[in-house]
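Me: Could you walk me through this structure while I have it open? I'm new to this, so please spell out the terms.

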Amino acid sequence: MFECEVPSLLFSSDRLFPFFVFFYFFLITTLHTSPSFSLFFPFRVRVYVRPDDMCMQMGTCRFRKAIELAVQVFGLNHAAVAKSYSNYGRLLFREGQLDKAKEFFVKELEILHRVYGTTHPDISVALNNLALIELKRGHSTNSFKLLNAAVDVLKNTFGEKHEDFGMVMLNLGIAKILDGDKEGAKGDLSIAAEVLKTTYGEDNVNTKKAMAGLQLAS
């Protein structure tokens, strides 16, 4: 259970909070997926309410209470709870709380494995997020393992022409550049550039990242 003090000015009445939370989880469990990007996560993350938007409306304490309520309503084995863990994990990452962020990404991944098994696009998102934490810590070997696992999941779900596959390859290529493996990065970034150019277009920021990475690796 999360315990925290909630400023009364966040909502004019606490009676609005349950309505907001149920409406939020109604959205994430019924609507079709749509892209959402994070400044710290170049890979597309399948969520419906970005953490920065949530925090402006609810504050960190309200966000944590929403997670608690989601667990109470849906139980631990539900995709909506996994998405709420992912949202909070990304918020913690932005705040530099890498240990706590990893904790929630791991919880997300465990739930997704229980709900979907080992092959589902959302699993690749969780693996990607964990990989970026490891990369930020300088643990390149762990990062490569997680990114390669995400690549395998996407090969068996969306395929190698999907934009999500291109984004993971972009992350993998950038990770190899940071690790000093420019030759290995060239192949990954070439694939990323081709896929992203086809799906997003030449003027897209992620396509440009892939092209810039190729120049760095050359």
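Me: Among contacts between residues at least 6 apart in sequence, how many join residues at least 24 apart?
Reply: In this protein the share is 65%, where contact means heavy atoms within 4.5 Å. Please keep in mind that this is a predicted model, in which local features need pLDDT of at least 70 and side-chain atom pairs count only at pLDDT 80 or more, while totals for chains, interfaces and linings use all residues. Residues are numbered from 1 along each chain as its sequence is written, and side-chain values use heavy atoms, with hydrogens and water left out.

Me: ok, and what helices and strands are there?
Reply: The protein has nine helices and two strands, which are DSSP runs numbered from the N terminus (helices are H or I with at least four residues, strands are E with at least two).

Me: In what pattern do they come along the sequence?
Reply: The order is α-β-β-α-α-α-α-α-α-α-α.

Me: New topic: how do helix 7 and helix 9 pack?
Reply: Helix 7 (residues 163–178) and helix 9 (residues 205–217) pack at an angle of about 30 degrees with their axes 10 Å apart, the axes being lines fitted to C-alpha atoms over the stretch in contact, with angles from 0 to 180 degrees between N-to-C directions. The two helices are therefore roughly parallel, a label that counts for angles under 35 degrees.

Me: Which residues meet there?
Reply: From helix 7, M167, L170 and I177 meet N206, K209, A210, G213, L216 and A217 of helix 9.

Me: And what else does L170 touch?
Reply: Leaving aside neighbours within four places in sequence, L170 is in contact with residues including L189, A192 and L196.

Technical notes: Angles under 35 degrees count as roughly parallel, over 145 as roughly antiparallel, 65 to 115 as roughly perpendicular and the rest as oblique.
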